[in-house]
Amino acid sequence: MTTPSNRPARPRRPRRKPVIPTAPIALDARGESLSAVLRDVFADFDAQVGAVVDEVTLTVRPVDVRAVCRIARQHPDIDCGYLRCLSVVDYVERLEVNYHLFSLDKRHKFAVKINLPPDEPVVPSIVSIWRGANWFEREAHDLFGVVFEGHPDMSPLLLYDGFEGFPGRKSFPFHDYDEW
């Protein structure tokens, strides 16, 4: 009988090299159709429709994000009733907040993107549109310092009260951090 401690080691397979796509993957018919709808619906906004890999993106001004999200949820051709995720990306010179939306009925997805200055990252809260944004916004506040105006409770979610700095940012000094 063999046990994990006396079992002979399996030979390791060589690691595959990662495949990095050199050209963007084109949108499928659903993505192209959604892009056209977004251009039409958000024509009155200073919005840019684009694509990253296989997902449609809509870049808007921070002041417009609440109105854009409300329309994305309520407009019958978009119908994004589900906020999949809210993420923040630190590009050093700017913070990009991404709202990843999905339509359960229409089976399409896209991301609403906004750019914020890193010294004063303030954007309206969307908790009144999707209650699930509550913890996402609190996490973004803890890790990146993004302030969501109108949020009902910006108390720390991941960090303790009094924690200094924003550990999600590239400028955070991890080497100077001591656990207590």
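Biologist: Leaving aside its neighbours within four places in sequence, which residues is Phe110 in contact with?

Modeller: In this predicted model, Phe110 belongs to the largest nonpolar core, where Phe110 is among the residues that touch the most other members. Once the neighbours within four places in sequence are set aside, the residues in contact with Phe110 are Leu34, Leu38, Glu55, Val56, Leu58, Ala72, Ile78, Cys80, Arg84, Tyr99, His100 and Leu101.

Biologist: Which residues of the largest nonpolar core touch the most other members?

Modeller: Nonpolar side chains tend to be buried together in soluble globular proteins. The core in question holds 35 residues, and helix H1 (29–41), S2, H2, strand S3 (82–90), S4, S5 and H3 each supply at least two residues of it. The members that touch the most others are Tyr99, Leu101, Phe110 and Val146.

Biologist: What pattern does the chain follow when read along the sequence?

Modeller: The chain has 3 helices and 7 strands. Taken in order along the sequence, these elements give the pattern α-β-β-α-β-β-β-β-α-β.

Biologist: Which strands do the buried residues of H2 pack against?

Modeller: Helix H2 spans residues 65–74, and Val65, Val68, Cys69 and Ala72 are buried in it. Seen down the axis of H2, these buried residues fall within an arc of 95°, so they line one face of the helix. An α-helix has 3.6 residues a turn, so residues three or four places apart point the same way. The strands against which the buried residues of H2 pack are S2 (55–59), S4 (95–102), S5 (109–116) and S6 (122–124).

Biologist: How far apart in space are Val52 and Phe110, C-alpha to C-alpha?

Modeller: Val52 has its place in strand S1 (residues 48–52), and with a relative accessibility of 46% Val52 counts as partly exposed. Along the sequence Val52 and Phe110 are 58 residues apart, while in space their C-alpha atoms are separated by 9.8 Å.

Biologist: What share of the contacts with a separation of 6 or more comes from residues 24 or more positions apart?

Modeller: The chain has 180 residues, and buried residues make up 34% of them. The chain exposes about 12100 Å², of which carbon and sulfur atoms supply 52%. Among contacts with a separation of 6 or more, the share that joins residues 24 or more positions apart is 51%.

Biologist: Is Ser125 buried or exposed?

Modeller: Ser125 is found in the loop between S6 and helix H3 (133–144). Beyond its neighbours within four places in sequence, Ser125 is in contact with Arg66, Glu137, Phe148, Glu149, Gly150 and His151. Because its relative accessibility is 2%, and the cut-off for burial is under 20%, Ser125 counts as buried.

Biologist: What is the angle between the planes of Phe163 and Phe172?

Modeller: A pair of aromatic rings is described by the distance of the centres and the angle of the planes. The structure holds 3 aromatic pairs, one of them being the edge-to-face pair of Phe42 and Phe45, at 5.8 Å centre to centre and 65° between the planes. Phe163 and Phe172 are both buried, and ring pairs link Tyr160, Phe163 and Phe172 into a cluster. The pair of Phe163 and Phe172 is stacked, with centres 6.0 Å apart and an angle between the planes of 20°.

Biologist: How far from Cys69 is the nearest cysteine sulfur?

Modeller: A search of the whole structure finds 0 disulfides. Cys69 is in no disulfide, and the nearest cysteine sulfur is that of Cys80; Cys80 is likewise in no disulfide. Cys69 is buried, with a relative accessible area of 0%, and Cys80 is also buried, with a relative accessible area of 0%. The distance from Cys69 to that nearest sulfur is 9.5 Å.

Biologist: Where is Val92, which has a positive phi although it is not a glycine, found?

Modeller: Val53 has a positive phi of about 55° without being a glycine; Val53 is found in the loop between S1 and S2 and is partly exposed, with a relative accessible area of 48%. Val92 has a positive phi of about 70° and, with a relative accessible area of 54%, is exposed. The place of Val92 is the loop between S3 and S4.

Terms used:
Residues numbered from 1 in each chain as written. Predicted model: local features only at pLDDT ≥ 70, side-chain atom pairs only at ≥ 80, totals over all residues. Heavy atoms only, no water. Buried < 20%, exposed > 50% of the residue type's maximum accessible area, 1.4 Å probe, protein only. Helix = DSSP H or I, 4+ residues; strand = E, 2+ residues; numbered from the N terminus. Arc of directions from axis to C-beta. Contact = heavy atoms within 4.5 Å. Areas by Shrake-Rupley, 256 points an atom, 1.4 Å probe, with all protein chains shown as cover. Core = buried A, V, L, I, M, F, W, Y, C linked by side-chain atoms within 4.5 Å. Phe/Tyr/Trp six-rings, centres within 6.5 Å; stacked < 30°, edge-to-face > 60°. Disulfide = S-S within 2.5 Å.
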